[in-house]
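Biologist: Hi! Could you walk me through this model?
Modeller: Happy to, here it is.

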Amino acid sequence: MTKKKLTQNPLFLPLVCVVLVLAVNVVYDIAQGNAFYDFFRITMQASASGEQLLSGRLVTILNRGSEVAILAIGMTLVVSASAGTDISVGSVMSLCASFCCMLGAGFGVSAVNDPSEFAMPLIVGLIGALVMGCVCGAFNGALVAYLNIQPMVATLILWSAARAIGLLLCNNLIVYVRVPQYQVFGGYIGFMPTPIIIAAICIVVVSLVLKHTAMGMYIQSVGINKKASRIAGLNSKRIIFMCYLLCGLCAGIAGIVNSSRISSADANNIGLNMELDAILAVALGGNSLGGGKFNLAGSIIGAYTIQAITTTMYNLGVSSAVAPVFKAVVVIVIVVIQAPPVKAWVRKHAASRSTGKEAAHA
Amino acid sequence: MENNVVLTMRGISMTFPGVKALDNVDFTLRRGEIHALMGENGAGKSTLIKCLTGINDFEAGEIHVDGVEGAVKNHSTQDAQNVGISTVYQEVNLCPNLSVAENLYIGREPMTPLRTIDRKTMIKKADELVKRLDIKVDVTQNLENYSLAIQQMIAIARASDMDCKVLILDEPTSSLDDSEVEKLFKVMNQLKSEGVGIIFVTHFLEQVYAVCDRITVLRNGTLVGEYPIADLPRVKLVAAMMGKDFDDLASIKPEGFEDRHDAPMQIEARGLSHRGTIKPFDLDIHKGEVIGLTGLLGSGRSELARSIYGADKAHTGTLKVGGQEARINQPLDAMNLGMGLLPDDRKAEGIIGDLSVRENIILALQAKRGMFKQLSRAKQEEIADRYIDLLQIKTATRETPIKQLSGGNQQKAILARWLATDPDFLILDEPTRGIDIGTKTEIQKLIIQLSQEGKSIMFISSEIEEMLRTCNRMAVLRDGAKVGELDGELTQERVMAAIAGGADND
Ligand SMILES: Nc1ncnc2c1ncn2[C@@H]1O[C@H](COP(=O)(O)OP(=O)(O)OP(=O)(O)O)[C@@H](O)[C@H]1O
Ligand SMILES: [Mg+2]
């Protein structure tokens, strides 16, 4: 009975996938003659400047996976409400990062090496980045919700434009902000990697909102049946708009984290192809890209699964040139496991086995 | 196989998680007969049909089809079609954004020698087909431009056009009016004379007696029996379905129900209209009144209701609700003024398929409260349980996705959604569609009870008897305009005459 319940849990498959990926690492460690728990070992290590920092491969995965996890939150809502994806998030990340650094450094300035060189207080840059994220989200949302443009097409605009606007804002330069106050967002607070903290806060806040308001039901309802939701008193358009707006905000946050990690606004590279990872995270989490019911926890697990695959690749010494091929193979396997016909087949066989057992008992 | 038998099903059993939907059911269909499959909501009628057409995978039993060696096990509707079984489901299952012709020939399009679709021939054949069945449509128009009833007729046309031995009609008439039902019966009799065996599922008892030769009754997933029509008069049929005696024709109107003229006004509409669907109309509705909207299909009944509710925003006119001037831009505005609308198209505008029965029931109430004032889980469960009990919604659990419920039970859940908002003015557009007669009477009683509590009800139904049983007053519509009202003693003759354009209107 409990077993049946477990396999019916929507998180069952996403979790199986993570475990699979982790298992590969364990097997590899054993083959290498390392302790089997090597992968899971979390230690304190002194940094170059002598601080004690949390480290270990698990920590790396959680740390590096933060951006995709944050993006996956927004993407999940967008997919659920509008049955479409926001492919602009990677570009919007880059735009927000550029905007943030540009505000801080001043237009045309290519580097800030000391807090005294800030053109504007850092906080203005940070808030500016978040506002910029919201503006981009609102733009996408307006196109999709009010003008009924296909999400893919609507977000294609910013997918191509946002990065370019970011470059313009930075006057075609890579703007460096080598200031601890900024670097902290991609670095450490105490021994804890800040991105992990930021991602955790985002996840917790959104989860709480979903739990304590009717937002989750509203979004799913609109995603499943827009017309019926409207008749039942939901403002379908506004709800779709709101999801895109939140998605933009998530992109803004992810942009700051990513740019702070590299202490710069590298408009050409920040968030590059990350929209694809975010979409993949949603899919890996067992969510239908056709909209409707969603499972946020699944998406988050999906996001870290992707990072785990990447980290595993490095771990196995796969060269970065061929890594995408391996990644693709793993993704194919995971997606196939979760495909409805395969699920149905598994369920049928599980059912026939259990009825067989019952018959044997009787 | 017996001589003129086209289909036998023996010992069919089928289980859904938590529900034994069919238990050892037999069914026999003969050539050239119309065979009614009857039973209450959730009795297993649709499930039995889906076992036949390959949508459901039944776990025990055998199916034999005339002309096919051995037991038949269909795995898709395509398989079913290949052995000569065509189906029209309870819910219209066509593509709204394709043309009528495309819908008629989808999957079996006439081809040119170059293996491309031969549009000309397709349109010509489609045109002939709809003409033969006397359906008035332009086959090049998109299906969504036509009413649900027309869409249903198209689905029937499609099914009957395929080379079939067995035609299954699962509640095809629930969205049709009398004249269209008449047309459908003509088609059915035509096919019957060609030797097709027809399985007919309906909750309209009169229709059963009008066209059927034989009745099979199911109750709670088990077979009650198979009867020639002559052996099973109406009362006995009702008893067989419900498992107890029940008089569905007894009067339910209390004494002195007719008069509500002195009650204060709930709704005063002046010159309200929606371009293209309903011409400007005036309408007063008193508190505690049940007003029926009557007219042929497409006469604008639903459209009138929708323009009041803001489902289609009115283009002209003014509306007073409870004496106050009101502006309604969207359904939520109307809900905040105490209105509710149960739409006629359950699948497209009613159910949120993947959400649970609980969520579907509390949805409107939650929407009215707003996103940030979430009903506590305990409260939600209490409300859901209350209505599941009150309307006897048959569901495995309250967390079952609503799409897994039988059609009639989905309808009850949507009705519950509106009752839960405690509206002052409730618009019910075909509320008893697909609902069995026991519950139908319960709903009619509920309408009267609500009106006794001072709530106003607008009631739209294609069944005149049903409206006669519940309404104080009727508004008559014709060709997208309100053409009159009927007051005082309401009789079938007066209503019929008014609909047809008689002199009775004032
Ligand atoms: N996909 C499904 N998953 C789970 N349960 C189902 C599913 N489809 C039907 N059921 C259950 O099977 C039972 C029989 O349903 P069915 O649709 O056959 O009823 P019906 O006789 O057609 O009723 P109605 O007159 O309301 O259409 C119901 O209790 C229903 O809840
Ligand atoms: Mg049914």
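Modeller: Just after H7(A), A:Asn171 takes a positive phi of about 55°. Helices here are DSSP runs (H or I, at least four residues), numbered from the N terminus. It is a predicted model, where local features need pLDDT of at least 70 and side-chain atom pairs count only at pLDDT 80 or more, while totals for chains, interfaces and linings use all residues. Residues are numbered from 1 along each chain as its sequence is written, chains are lettered from A in the order in which they are written, and side-chain values use heavy atoms, without hydrogens and water.

Biologist: Where is the kink in H7(A) centred?
Modeller: On A:Ala161, with a kink of about 30°; the bend is the angle between axes fitted to the seven residues ending there and the seven starting there.

Biologist: Is A:Gln150 buried or exposed?
Modeller: A:Gln150 counts as exposed because its relative accessibility is 56%, and exposed means over 50%. A:Gln150 lies in the loop between H6 and H7 of chain A.

Biologist: Switching to chain B, how do the axes of H5(B) and H6(B) cross?
Modeller: At roughly 5°, coming within 12 Å. That makes the two helices roughly parallel (angles under 35 degrees).

Biologist: Which residues of H5(B) meet H6(B)?
Modeller: B:Ala149, B:Ile150, B:Met153, B:Ile156 and B:Ser160, with heavy atoms within 4.5 Å.

Notes
Axes are lines fitted to C-alpha atoms, for helices over the stretch in contact, and angles run from 0 to 180 degrees between N-to-C directions. Angles under 35 degrees count as roughly parallel, over 145 as roughly antiparallel, 65 to 115 as roughly perpendicular and the rest as oblique. Buried means under 20% relative accessible area, exposed over 50%, partly exposed in between (1.4 Å probe, protein chains only).
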